[in-house]
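Here is a short briefing for a first look at this structure. Start with the picture, then take the topics one by one.

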Amino acid sequence: MDFSSVLKTRHSVRHFKSTPIDKDILLDILRDAQTSPSWVNAQEYRVWLVTGKKLECIRDEYRCMTQKGIKGYSDLPVAHRTSWSLQAQENMKQFSEARIQAGLLEEKELSQSYLFHAPAVMYLTLPKQHSEWALLDLGVFEQTLLLAATSRGIGTVPAYNLVKYPDVLRNHLSIPENERIIIGIALGFEEDTRLNKHRSIRQPMENIVTIVE
Ligand SMILES: Cc1cc2nc3c(=O)[nH]c(=O)nc-3n(C[C@H](O)[C@H](O)[C@H](O)COP(=O)(O)O)c2cc1C
């Protein structure tokens, strides 16, 4: 797939088929992600690749906790929407309302409670004492990973919801206390559902660019 098609094809997939992904493909995706630049080549991020029975245990626990209404408590604090810029708040509102109007909220919540039915999840972590620059590095790594997966026909969604109960992940994956769990990326083959056809729109470029000549 050429680069432009990869960019146009990638979108957040929120319901995956149960079909497993070949381990070699997952490792190739990670190898591609490792080409990402980082601050003085620090490459501080770590990846916890989870599939099979271990993922099923995490899925069961997440689903039970979500059904009980247990609020998330991710390692990276969630900032209240009102602490974001007005433009960001407007974009979030548009995003949330569009999904409600399309009648997809329940379907999304249900699929999300099953970790989007993904056959594989990658959890990205940083040492607790990381520099703010390391978060930027991790984001760059994440995006390369998403695009690398797309180029191989594998769907993805990066999600807070995958890391909202960090102690469950620490217990099952033996992630040390001094590693901060930043984000999870679910991977799999896209299920043919209305939820997956829904797209997030982008704001006009004028909102984000200042051209100075
Ligand atoms: C840091 C981060 C956290 C996210 N968390 C969630 C999440 O918990 N649940 C979800 O369904 N989507 C989540 N998303 C996906 C965003 O909603 C999505 O990227 C955005 O709406 C743009 O849509 P697109 O990825 O389809 O282009 C997250 C994305 C990022 C980058």
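A residue counts as buried if 20 or more other C-beta atoms lie within 10 Å of its own, as exposed if 12 or fewer do, and as partly exposed in between, with C-beta atoms placed from the backbone. By that rule Leu115 is buried, because 27 other C-beta atoms lie within 10 Å. The model is predicted: local features need pLDDT of at least 70, side-chain atom pairs count only at pLDDT 80 or more, and totals for chains, interfaces and linings use all residues. Residues are numbered from 1 along each chain as its sequence is written.

**Overall build**

- The protein has eight helices and four strands. Helices (H or I, at least four residues) and strands (E, at least two) are DSSP runs, numbered from the N terminus.
- The order of elements from the N terminus is α-α-β-α-α-α-β-α-β-α-β-α.
- The protein is as compact as a globular protein of its length, because its radius of gyration is 17 Å, close to the 17 Å that the globule rule gives for 213 residues. The radius is taken over C-alpha atoms, and the rule is 2.2 Å times the number of residues to the power 0.38.
- Along the principal axes, the C-alpha trace spans about 55 × 45 × 40 Å.
- Buried residues make up 27% of the 213.
- Two residues are in contact if their C-beta atoms, placed from the backbone, lie within 7 Å. Of the contacts with a separation of 6 or more, 88% join residues 24 or more positions apart.

**Nonpolar core**

- A nonpolar core is a set of buried Ala, Val, Leu, Ile, Met, Phe, Trp, Tyr and Cys residues joined through C-beta atoms within 7 Å.
- The largest such core has 39 residues, and Ala118, Val121, Tyr123, Leu145, Ala186 and Leu187 have the most contacts inside it.
- Elements giving two or more residues to this core are α2 (23-33), α3 (52-67), β2 (120-127), α6 (132-151) and β4 (179-188). Helix α6 gives the most, with eight residues.
- Beyond its neighbours within four places in sequence, Ala118 contacts Phe16, Ala186, Leu187 and Gly188.

**Ligand shell**

- Around the ligand are His11, Ser12, Arg14, Phe95, Gln112, Val157, Pro158, Ala159, Tyr160, Asn161, Ile183 and Ser200. A residue is near a molecule if its C-beta atom, placed from the backbone, lies within 6 Å of it.
- Strand β3 (residues 155-159) provides the largest share of this shell, three residues.

**Loops**

- Leu115 sits in the loop between α5 (105-113) and β2. Its phi is positive, about 55°, although Leu115 is not a glycine.
- Leu162 lies in the loop between β3 and α7 (166-173). Leu162 is buried, with 24 other C-beta atoms within 10 Å.
- Not counting residues up to four places away in sequence, Leu162 touches Leu115, Val121, Gly184 and Ala186.
- Asn41 belongs to the loop between α2 and β1 (46-51). Asn41 is exposed, with 7 other C-beta atoms within 10 Å. Phi of Asn41 is positive too, near 60°.

**Helix α4**

- Lys93 is found in helix α4 (residues 86-101). Lys93 counts as exposed, with 11 C-beta neighbours inside 10 Å.
- Lys93 and Arg81 are 12 residues apart in sequence, and their C-alpha atoms are 9.6 Å apart.
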